[in-house]
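Biologist: Hi! I'm new to this one, could you walk me through a few spots?
Modeller: Happy to, let's open it up.

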Amino acid sequence: MVDEPMLDGAVSGVALSVLCARLESDGRGLTSADAARRLRRFGPNQAVPRYRAPLWRQVLGRFLNPLVLILLFASTLSAATGNLASFAIVLTMVFLSVTLDMVQQRRAEDAVDALRRSVAVTVRVLRDGSEPALPVETLVPGDIVRLAAGDLVPGDCRLLEARDLFVNQALLTGEPFPIQKQVKGPSAPTEDMAAATDTLFMGSSILSGSATAILCRTGPATTFGQLRSSLMMEPPPTSFELGIRGFGYLILRLTVFLVLFVLTVNVLFHRPWLDSLMFALALAVGLTPELLPMIVTVTLAKGATRLAARRVIVKRLTAMHNIGAMDVLCTDKTGTLTEAVIRMVRHIDADGQDSEKVLRLAYLNSHFESGIPSALDEAILSFRPLDVSGWTKIDEVPFDFERRRVSVLVTDGTDRLLVVKGAPEDVLRQSTHYDADDKSIQPLDPAARARILDMFAHLGEQGLRVLAIAFRPMDFSHVSARLGDETKLVFAGYALFLDPPKPSADSALRALASAGVAVKVLTGDNEQVTRHICETLGFPITGLITGDELQAMSGDALRARLAGVNVFCRMTPPQKERVLLAYKHAGRVVGFLGDGINDASAIHAADVGITVDSGADVAKEAAGLVLLDHDLSVVACAVMEGRRTVCNVTKYILMGSSSNFGNMFSMAGAALFLPFPPMLPTQVLLNNLLYDASEAGIPLDTVDADTLALPVRWDLTLIQHFMLVMGPVSSAFDFLTFYVLLHVFNAGEALFQTGWFVESLATQVLVIFIIRSRHLSWRSRPNPILAAMAAGIAIFGALLPLSPIAPWFGFVAPPAAFYLFLVLSVSAYLVMMEGMKRLFFRYIASSG
């Protein structure tokens with residue numbers, strides 16, 4: 001085995017040739033042991049490695065929170081003055097809070113990583129004499145890989161073998177046209193992409209042909225990795241991320257204001273500065289939404305895990321919000337609305353008669369084509385075995401989505417033919433003659449052209465997919481196939497295919513429509529076939545645009561027609577992307593479902609990119625959601641799960657912006673007239689810890705059916721209004737409770753703090769039963785786990801002052817009458833909040 005230093009940096013041509021020769025000669029590639037050693041040395045094969053800080057660093061980062069540090073510092077000063085119990089309790093509360101946050105978030109991240117690995121892009125690699133399909137991340141320099149159409153290039157590598165190889169390097173060069181690659185000789189991969197005809201670069205994809213190549217650079221060392229590292233920018237935040245961030249900033253500003261207010265009041269009233277500082281900092285910790293990132297991550301991860309049970313893999317958690325907000329779904333037709341089990345049913349000539357010549361020409365083209373695997377090719381080859389052993393392939397013009405055809409140059413020693421197969425409109429456009437029923441070749445005059453096109457339209461109306469077959473006799477001096485050869489063709493006839501509608505598509509379309517998601521069909525097929533499929537499924541076509549019509553439209557004209565159009569036919573990949581961007585420009589949240597190489601750009605452009613596990617690597621890499629079953633009905637399930645997830649995150653935030661904010665605001669206000677803090681710092685922290693624990697069941701909660709009936713978008717304005725209305729209402733009740741404690745129970749400092757702790761915890765926790773639904777609370781059942789945790793924490797808080805550990809937190813046992821007051825006051829609070837909630841949402845609904 002060649003030394004590993006040869007693989008550092010830009011490998012020399014001599015060293016690389018030695019390495020290639022040795023690896024090829026033994027036919028085994030790298031051994032597993034060699035690969036494992038190199039993986040440790042070079043790291044995962046990721047252009048920008050995903051890095052997760054070790055657990056100890058994440059824990060340390062949470063302890064380095066400025067509020068926590070100041071609180072620990074203040075409690076240390078308290079311990080220095082002799083109050084060791086207070087220091088120990090504060091330290092315990094902070095540790096438990098950090099642990100709760102860390103455990104939940106770590107479990108959520110592990111679950112998401114496991115889901116992401118389950119749909120990792122793989123490539124065939126020569127290892128230990130076999131060719132397993134391994135995840136791209138595990139490849140190392142020196143690996144020999146086998147590549148075919150649809151594969152992503154897994155690193156910078158040099159070609160060892162290539163057959164009709166065309167690649168797309170648009171991501172690296174911006175050049176949209178295919179680039180042909182071929183073997184030259186021993187050399188290292190060069191960074192001059194224009195001259196690197198024998199080098200494949202990470203970030204490019206195979207359009208046609210096949211190749212064997214040796215990896216020379218992986219991960220950040222690749223040209224793509226260096227480009228990503230030097231120009232790397234975070235992807236633009238989604239509206240959901242912006243909303244969460246905005247809410248955090250809002251609470252932070254309120255926290256700073258309340259802390260400064262409390263400190264100022266206590267200084268003016270000449271209260272002990274250390275106690276005042278401890279209380280103010282505890283108040284800040286209690287009000288700061290430190291649990292918000294964990295709740296968001298856990299809720300999104302729970303939603304992703306539930307989707308995994310429905311065989312939908314979420315690669316990026318933010319896709320959960322986008323799928324819930326999606327109100328337009330653009331989808332391809334094949335495999336989504338149809339079975340994608342394509343059968344060839346007939347082969348006819350220009351007069352509509354069965355033709356053995358058409359079958360033979362179609363078979364020759366599909367047999368020798370080395371491009372993107374096609375279900376139509378498989379249907380042709382499986383229709384009837386033909387003996388083509390006497391024919392030899394000379395060259396090929398690969399398929400691309402602009403020409404929509406593929407040509408192969410073949411010979412049997414007697415004839416040399418260019419055999420063309422493709423979309424009827426495009427093949428007929430290049431045809432000047434046709435093969436008549438009497439075996440003669442006739443000029444394709446306007447009358448004959450119109451007759452052949454009418455036959456094509458009639459076949460489409462029957463739901464048949466049609467491929468045009470043509471040929472051109474070539475001179476024996478012609479030794480290569482070029483684009484310019486696809487002219488003056490002789491039209492031979494049509495190959496006819498049947499792809500029946502999928503039975504489940506009808507119900508899936510109805511489910512999406514009832515959920516407020518407008519389905520738009522974007523297909524490369526012609527309008528006749530598409531109309532037939534839509535009519536069979538009962539999908540009304542409100543408007544139809546073809547690719548040719550779209551090409552002639554301005555951006556304004558397209559946007560003006562979007563609302564009335566739901567079918568787009570004969571679309572090229574750039575046109576699909578243009579339609580998506582037009583919908584996004586109109587303010588819609590757009591999803592795209594596709595699985596081919598031609599769908600990758602549209603998947604990337606969509607707010608929600610969706611593909612299937614059997615799709616092309618480039619499609620899976622671009623997508624946020626991967627379906628393990630090619631079925632539109634699971635997309636409807638994903639929509640509901642995304643909406644449920646966003647609604648549950650919103651519940652937590654509405655709670656924090658009403659009861660929690662109201663309680664903290666009340667404690668700050670109490671500093672104006674109470675000669676003592678309404679709660680001890682340790683009590684505030686304990687209150688916050690128990691409140692956080694009670695919210696762990698929110699990700700599991702159910703959501704009302706009518707709430708899920710329409711797209712759910714993150715609405716920070718609604719949350720702010722809710723906080724500004726419900727927070728002061730909650731505080732008004734709090735001040736009434738203060739009055740009862742002081743003037744009915746004649747509470748001193750310890751009893752007041754005990755009573756207020758129990759009261760505030762119960763109202764904070766139990767208000768989830770009010771806020772979780774916009775309807776009357778008793779008509780919407782919460783998840784049993786959430787109900788048990790909320791009720792359990794409230795009861796635990798009520799009984800805590802009666803327990804042996806009560807003195808640790810400064811609690812005293814309240815009189816029995818207090819618990820009667822507690823039941824009545826909490827009931828009154830919940831009734832009041834129920835009424836205010838109903839009034840608030842009625843006002844919101846009436847104001848639009």
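**A strand and its neighbours**

Biologist: Which way do the side chains of strand β9 point?
Modeller: In β9, residues 328-331, Val 328 and Cys 330 point one way, while Leu 329 and Thr 331 point the other way. All of them are buried. Keep in mind that this is a predicted model.
Biologist: Why do they alternate?
Modeller: Because side chains in a regular strand alternate between the two faces of the sheet.
Biologist: And which strands pair with β9?
Modeller: One is β18 (residues 518-522), which runs parallel to β9 and is joined to it by four bridges. There, Thr 331 has Val 521 as its bridge partner. Another is β21 (residues 590-593), also paired with β9 in the parallel sense over four bridges. Leu 329 stands opposite Gly 591 in β21.
Biologist: Switching topic: how many disulfides are there?
Modeller: Zero, from a search of the whole structure.
Biologist: What about Asp 198, where is that?
Modeller: Asp 198 is in the loop between β5 (179-181) and β6 (199-200). Asp 198 is buried yet has no salt bridge.
Biologist: Which side chain of opposite charge is nearest to Asp 198?
Modeller: Arg 158, at 5.2 Å. The Asp 198 side chain does make a polar contact with the side chain of Thr 199, at 3.3 Å.

Terms used:
Residues numbered from 1 in each chain as written. Predicted model: local features only at pLDDT ≥ 70, side-chain atom pairs only at ≥ 80, totals over all residues. Heavy atoms only, no water. Buried < 20%, exposed > 50% of the residue type's maximum accessible area, 1.4 Å probe, protein only. Helix = DSSP H or I, 4+ residues; strand = E, 2+ residues; numbered from the N terminus. Pairing = 2+ DSSP bridges. Lys, Arg positive; Asp, Glu negative; His and termini not counted. Salt bridge = Lys/Arg side-chain N within 4 Å of Asp/Glu carboxyl O. Polar contact = N/O pair within 3.5 Å; in protein donor to acceptor, adjacent residues only side chain to side chain. Disulfide = S-S within 2.5 Å.
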